[in-house]
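Subject: Structure for you to look at

Hello,

Here is the structure I said I would pass on.

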Amino acid sequence: MCKHVLNAQVSIRSPCCKKWFDCADCHADQEPNHELLKSLEMVFACKKCKKCFRKDAREFEEADEYCPHCDNHFVLEALIPKPALTVEAEDARVDSRMLRDDRVDPGTNGRKSGRPTVFDPDFEADKLG
């Protein structure tokens, strides 16, 4: 699984080390001692039908953007992961157990909790001394 391109449809066989990679960045991460050798003939393995095929980069046409075995369109706009901060929880509309209202004490059936507030009358406030 490629962490650089999220929608990789084929694996590419590296001509230098004869190993399969999803993208050139994956080759650079896993093989730091040598660079990717560039060639005009590329060997692909379709991830949908798991069959291999060759393509010549000099004669690459629009029809060559599809797997010859299953017609899977493998030349797509690359989806690159974007950093984001999210809360990993279920939908609050379905399961609201994670949400809590601090203003309401669950033991008092919706009334305010037994804690004193500024607005509570103090019965001993009018006594002197």
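A residue counts as exposed when its relative accessible area is over 50%, as buried when that area is under 20%, and as partly exposed in between. Arg 54, with a relative accessible area of 57%, is therefore exposed. Please keep in mind that this is a predicted model.

Salt bridges

There are 5 salt bridges in the structure. Side chains of opposite charge can pair when their charged atoms come close. Arg 54 has such a bridge with Glu 41, at 2.9 Å from N to O. Arg 54 sits in strand β4 (residues 52–56) and Glu 41 in strand β3, so the two are 13 residues apart and the pair links distant parts of the chain. Glu 41 is partly exposed, at 44%.

Another bridge joins Glu 31 and Lys 19, whose closest N and O atoms are 2.8 Å apart. Glu 31 belongs to the loop between α1 and β3, and Lys 19 to the loop between β1 and β2 (20–21), so this pair ties together parts that are 12 residues apart in sequence. Glu 31 is buried, with a relative accessible area of 12%, while Lys 19 is partly exposed at 41%.

Arg 58 and Asp 56 also form a salt bridge, with 3.3 Å between the closest N and O atoms. Arg 58 is exposed at 64%, and Asp 56 is partly exposed at 22%.

In soluble globular proteins, nonpolar side chains tend to be buried together. The largest nonpolar core here consists of 6 residues: Val 10, Phe 44, Cys 46, Phe 53, Cys 67 and Phe 74. A second, separate core has 5 residues, including Cys 17, Phe 21, Cys 23 and Cys 26.

The largest pocket holds about 300 Å³ of space. It is lined by 17 residues, and Ile 12, Arg 13, Ser 14, Pro 15 and Met 42 are the closest to its centre. By class, this lining has 9 nonpolar, 3 polar and 5 charged residues. Strand β3 gives the most to the lining, with 3 residues.

The second largest pocket has a volume of about 220 Å³. Its lining has 13 residues, with Val 5, Ala 8, Val 10, Asp 22 and Phe 74 nearest the centre. Strands β1 and β3 each give two or more residues to that lining, which divides into 10 nonpolar, 2 polar and 1 charged.

Regards

Terms used:
Residues numbered from 1 in each chain as written. Predicted model: local features only at pLDDT ≥ 70, side-chain atom pairs only at ≥ 80, totals over all residues. Heavy atoms only, no water. Core = buried A, V, L, I, M, F, W, Y, C linked by side-chain atoms within 4.5 Å. Buried < 20%, exposed > 50% of the residue type's maximum accessible area, 1.4 Å probe, protein only. 1 Å grid on protein atoms, 1.4 Å probe; cavity = no way out; pocket = protein on both sides within 12 Å on 5 of 7 lines; lining within 4 Å. Points joined across faces, edges and corners; volume = space filled by probe spheres on them. Helix = DSSP H or I, 4+ residues; strand = E, 2+ residues; numbered from the N terminus. Nonpolar A, V, L, I, M, F, W, Y, C, P; charged D, E, K, R; others polar. Salt bridge = Lys/Arg side-chain N within 4 Å of Asp/Glu carboxyl O.
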